Amino acid sequence: MSGRRPHRPHAPHRRARAPRRRPCSLASVALAAVLALTAAGCSSESRQDSVERTDRAERAGRTGPSALRSEAAPTAPSPFWVDPESDAARQVREWEKQGRTDDAKALRRISERAVADWPAGDNPEPGISRAVLGATAAKSTAVFVAYNIPHRDCGLYSAGGAHDARSYRDWIDSFAAAIGNAEAIVILEPDAVPHLTDGCTPAEYHDERYELLTHAIGRLKRQPRTRVYLDAGNPHWIADPAKLTEPLRRAGIASADGFSLNVSNFQTNDAVKAYGTRLSGLLGDVHFTIDTSRNGAGPLRGDRDEAWCNPPGRALGSPPTTNTGNELLDAYLWIKRPGDSDGPCRGGPAAGTWWPDYALGLARRSKDTTA
């Protein structure tokens with residue numbers, strides 16, 4: 001319901017807890033790597049006007065780091081792997097052969113950026129192994145999304161997931177093993193925690209889901225260079241971040257590297273950073289990432305049905321980078337793959353299907369002219 005991209009079967013959202021060691025930021029890790037080499041990225045939508053009032057209130061009264069007020073523009077090269085065989089890359093080559101040179105040039109704003117890989121729900125190993133090989137050869141970090149939790153998406157556009165708890169544990173084990181020793185980021189189960197909070201996931205599945213998320217974090221963290229961010233929705237979905245703190249704790253956030261926000265959604269960087277800073281404070285300064293793949297024009301305005309699903313007039317957001325200028329914000333990531341449909345709405349194909357016309361619109365409306 002929240003417009004998340006499903007798995008791709010065959011290609012295709014204070015009270016401080018006890019102190020704990022703060023994980024290194026991705027920016028710090030990337031800088032350390034560069035120095036070493038030198039020496040030797042069911043949405044229950046509330047009314048838009050209510051969200052805007054909340055955003056204004058947050059901006060007026062927030063008490064987070066000063067970095068929120070004057071953040072550096074993301075100018076550093078992205079440390080994340082760019083797939084040369086992505087849908088966008090293949091589309092660029094096809095349009096060039098057809099003589100659609102202007103369209104191909106615009107689409108390079110997607111094809112030349114790092115986007116997350118969503119491994120298949122039946123067998124994640126082939127896709128992960130391919131990405132790991134490519135990223136290792138390029139000395140970059142692969143970004144993955146684990147999206148296979150049982151009873152996923154409350155039976156809506158991205159319904160599916162593992163058949164049962166045992167199947168999910170086996171899937172996560174295969175997922176983690178395929179990453180091996182590679183440098184990787186995993187965005188864990190978009191929607192899973194917010195759906196526990198908004199009442200969409202039936203109560204009889206809650207305990208199992210908490211156990212599976214905790215298990216998944218623990219298993220993925222056994223890989224020595226894998227960072228895990230547990231999804232926490234977006235500020236237009238669960239307006240009060242305090243409602244997420246206990247669910248995130250029960251799901252094992254203390255063992256993860258942080259949480260992810262705005263996956264497959266369109267909320268602005270400012271709104272999401274303010275929200276993320278509030279949620280981070282409630283959890284004891286936990287770090288987070290933001291999906292900026294399609295938020296360059298912000299959300300669709302007005303009280304629209306399915307405002308999250310293939311909304312018109314959207315644009316690409318900040319390119320993937322660890323140079324966020326914010327000590328809590330580890331990275332801007334393109335988690336949703338720009339150009340993949342949110343579902344069969346507004347003339348779109350099935351959820352997760354490449355939609356060239358929508359991708360071209362996102363690219364043409366992008367403020368980024370460097371590609």
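The torsion about the S-S bond of Cys309 and Cys345 is about -90°, so this disulfide (a pair of cysteine sulfur atoms within 2.5 Å) is left-handed. The sulfur atoms of Cys309 and Cys345 lie 1.8 Å apart. The structure holds 1 disulfide. The pair links distant parts of the chain, 36 residues apart. Cys309 sits in the loop between β5 (288-291) and β6 (329-333), and Cys345 in the loop between β6 and α11 (356-364). Helices (H or I, at least four residues) and strands (E, at least two) are DSSP runs, numbered from the N terminus. Cys309 has 0% relative accessibility and therefore counts as buried. Cys345 is also buried, because its relative accessibility is 6%. Here, buried means under 20% relative accessible area, exposed over 50%, and partly exposed in between (1.4 Å probe, protein chains only).

The model is predicted: local features need pLDDT of at least 70 and side-chain atom pairs count only at pLDDT 80 or more, while totals for chains, interfaces and linings use all residues. Residues are numbered from 1 along each chain as its sequence is written, and side-chain values use heavy atoms, with hydrogens and water left out.

The next feature is the interior. A nonpolar core is a set of buried Ala, Val, Leu, Ile, Met, Phe, Trp, Tyr and Cys residues joined through side-chain atoms within 4.5 Å. The largest such core has 53 residues. Phe144, Tyr168, Phe175, Leu188, Leu230, Leu248 and Phe259 touch the most other members. Helix α6 (residues 165-179) gives the most to this core, with 8 residues. Tyr168 is in contact (heavy atoms within 4.5 Å) with Asn148, Ile149, Pro150, Ala162, Leu188, Glu189, Leu212 and Ala216. That list leaves out residues up to four places away in sequence.

Strand β2 (184-188) comes next. Of its 5 residues, 5 are buried, so β2 is largely enclosed by the rest of the structure. In a regular strand the side chains alternate between the two faces of the sheet. Ala184, Val186 and Leu188 point one way from β2, and Ile185 and Ile187 point the other way. All of them are buried. Two strands pair if DSSP finds at least two bridges between them. Strand β1 (residues 142-146) runs parallel to β2, and 5 bridges join them. Within β2, Ile185 is the bridge partner of Val143. Strands β2 and β3 are also parallel and are joined by 5 bridges. In β3, Leu230 is the bridge partner of Leu188. Leu188 and Leu230 also both belong to the largest nonpolar core.

In helix α3 (residues 87-97), the buried residues are Asp87, Ala88, Ala89, Gln91, Val92 and Trp95. What covers them includes α4 (101-111) and α11. Just after α3, Gly99 takes a positive phi of about 85°. In α4, Asp103, Ala104, Ala106, Leu107, Arg109, Ile110 and Ser111 are buried. These residues pack against α3 and α11.

Charged side chains form a further set of links. Side chains of opposite charge can pair when their charged atoms come close. A salt bridge is a side-chain nitrogen of Lys or Arg within 4 Å of a carboxyl oxygen of Asp or Glu. The whole structure contains 17 salt bridges. Arg130 and Asp83 form one of them, at 2.6 Å from N to O. This pair links distant parts of the chain, 47 residues apart. Arg130 lies in helix α5 (residues 125-137), and Asp83 in the loop between α2 (48-61) and α3. Arg130 counts as partly exposed because its relative accessibility is 37%. Asp83 has a relative accessible area of 13% and is therefore buried.

Arg100 forms a salt bridge with Asp103, with the closest N and O atoms 2.8 Å apart. Arg100 is partly exposed, with a relative accessible area of 30%. Asp103, at 14% relative accessibility, counts as buried.

Glu183 and Arg225 also meet in a salt bridge (3.0 Å, N to O). They link distant parts of the chain, 42 residues apart. Glu183 is in the loop between α6 and β2, and Arg225 in the loop between α8 (206-220) and β3 (226-231). Glu183 is partly exposed, with a relative accessible area of 21%. Arg225 is partly exposed, at 43%. Finally, Lys221, Arg227, Asp257 and Asp330 are linked in a network of salt bridges.
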